[in-house]
Amino acid sequence: MPAPPAIQLEGVGLDFGAAPLFRNLDLCIGAGIMTVLLGASGVGKTSLLRMLGGLVAPDYGRVAAADGQSLAGRVAWMGQQDLLLPWATVMDNVMLGARLRGDRVDRGRAGHLLDCVGLSSHVADLPATLSGGMRQRVALARVLYEDRPVVLMDEPFSALDSVTRARMQDLAGRMLAGRTVVLITHDPLEACRLADRMLLMSGHPARLDAMDVPAGAVPRAVDDPGVLAAQSMLLRRMLQ
Ligand SMILES: Nc1ncnc2c1ncn2[C@@H]1O[C@H](COP(=O)(O)OP(=O)(O)OP(=O)(O)O)[C@@H](O)[C@H]1O
């Protein structure tokens, strides 16, 4: 994998209608680490992620990789909607990006990733036959298959039951290590397990405050005392 870049936002402003969502925002998304974004609904987390991925252009300022190269082709995206093609099998959905680019597909690797997300018996199924949580796991396998240095994830585990969610956090924490990852979540435990850096967004226009991160390598254990203490502090802060 090519070296993962840092991503720099300089003087970024974004307006939707009259209300400014961002004004003069300066932020560096660290290279090769997992940055977790938290904040109330509607504060602008998805909009920030979309700017990082080049899906929305800022009204002011610039968003660019710190290595000076284009971000195009270096980003894998996992949105709130799984965006699975309804007429393609689970296996074909995982390899969709490669097919669309005309790259050689690797069924062995796709099968291995589907095994990792617990869907090895569903490779030939169509998405409509899966539950919401299973579809989310297909989308996770697809992001992992893309093998990109930058990975942007918008509430990737929101539809999962708590046991499967903990397993997918472990998998994502291990398999995305060393990449530049930005993950949005509403779940303080998820944030404390996965964050190398944690940012809490609040206000209009939005500001970003760095929160303390528990010690230890990602993914941290669900019952790690440092994780549990940080989780309750974070929840208290989010309630304010
Ligand atoms: N394309 C758009 N056109 C107009 N307004 C938009 C657009 N996209 C987002 N907004 C508005 O910008 C604000 C922030 O939306 P955004 O989806 O970024 O919030 P969020 O923090 O990710 O929320 P959630 O946690 O509910 O997903 C909201 O008020 C939303 O209505």
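Two strands pair if DSSP finds at least two bridges between them, and the strands themselves are DSSP runs of E with at least two residues, while helices are H or I runs of at least four, both numbered from the N terminus. With that in hand, welcome to the close-ups. This is a predicted model, in which local features need pLDDT of at least 70 and side-chain atom pairs count only at pLDDT 80 or more, while totals for chains, interfaces and linings use all residues. Residues are numbered from 1 along each chain as its sequence is written.

**View 1. The hairpin of β8 and β9.**
Strand β8 (residues 197-202) and strand β9 (residues 207-211) run antiparallel and are joined by 5 bridges. Within this pairing, Met201 sits opposite Leu208 of β9. The hairpin has 4 residues between its strands, and Gly203 adopts a positive phi near 85 degrees there.

**View 2. Parallel neighbours around β7.**
Here we follow the parallel pairings. Strand β3 (residues 34-39) pairs with β8 in the parallel sense over 5 bridges, with Leu38 standing opposite Leu200 in β8. β3 also pairs in the parallel sense with β7, over 4 bridges, and the bridge partner of Val36 in β7 is Leu183. β6 and β7 run parallel too, joined by 5 bridges; Leu152 has Val182 as its bridge partner in β7.

**View 3. Strand β7, face by face.**
A residue is buried if 20 or more other C-beta atoms lie within 10 Å of its own, exposed if 12 or fewer, and partly exposed in between, with C-beta atoms placed from the backbone. In strand β7 (residues 180-184), 5 of the 5 residues are buried, so the strand is largely enclosed by the rest of the structure. Thr180, Val182 and Ile184 cover one side, Val181 and Leu183 the other, and all of them are buried.

**View 4. The largest nonpolar core.**
A nonpolar core is a set of buried Ala, Val, Leu, Ile, Met, Phe, Trp, Tyr and Cys residues joined through C-beta atoms within 7 Å. The largest one has 67 residues, and those with the most contacts inside it are Val36, Leu52, Val94, Leu114, Leu140, Ala141 and Leu152. Helix α5 (residues 132-146) contributes the largest share of this core, 8 residues. Two residues are in contact if their C-beta atoms, placed from the backbone, lie within 7 Å. Zoom in on Leu114: leaving aside neighbours within four places in sequence, Leu114 touches Val90, Met91, Val94, Leu119, Ser120, Val123 and Ala141 by that contact criterion.

**View 5. The shell around the ligand.**
A residue is near a molecule if its C-beta atom, placed from the backbone, lies within 6 Å of it. The ligand is surrounded by Phe16, Leu21, Gly39, Ser41, Gly42, Val43, Gly44, Lys45, Thr46 and Ser47. Helix α1 (residues 45-52) supplies the largest share of this shell, 3 residues. By class, the shell has 3 nonpolar, 6 polar and 1 charged residues; Ala, Val, Leu, Ile, Met, Phe, Trp, Tyr, Cys and Pro count as nonpolar, Asp, Glu, Lys and Arg as charged, and the others, Gly among them, as polar.

**View 6. Backbone angles worth a second look.**
Most residues other than glycine have a negative phi, and most peptide bonds are trans. Asp147, in the loop between α5 and β6 (150-154), has a positive phi near 55 degrees. With 15 C-beta neighbours inside 10 Å, Asp147 counts as partly exposed. Glu155, found in the loop between β6 and α6 (162-175), has a positive phi near 45 degrees, and with 18 C-beta neighbours inside 10 Å Glu155 counts as partly exposed. The peptide bond from Val218 to Pro219 is cis, with omega near 0 degrees; Pro219 lies in the loop between β9 and α8.

**View 7. The segment after α8.**
Gln240 is found in the segment after α8 (225-239). Gln240 counts as exposed because it has 5 C-beta neighbours inside 10 Å. From C-alpha to C-alpha, Gln240 and Glu190 are 20 Å apart in space, and they are 50 residues apart in sequence.
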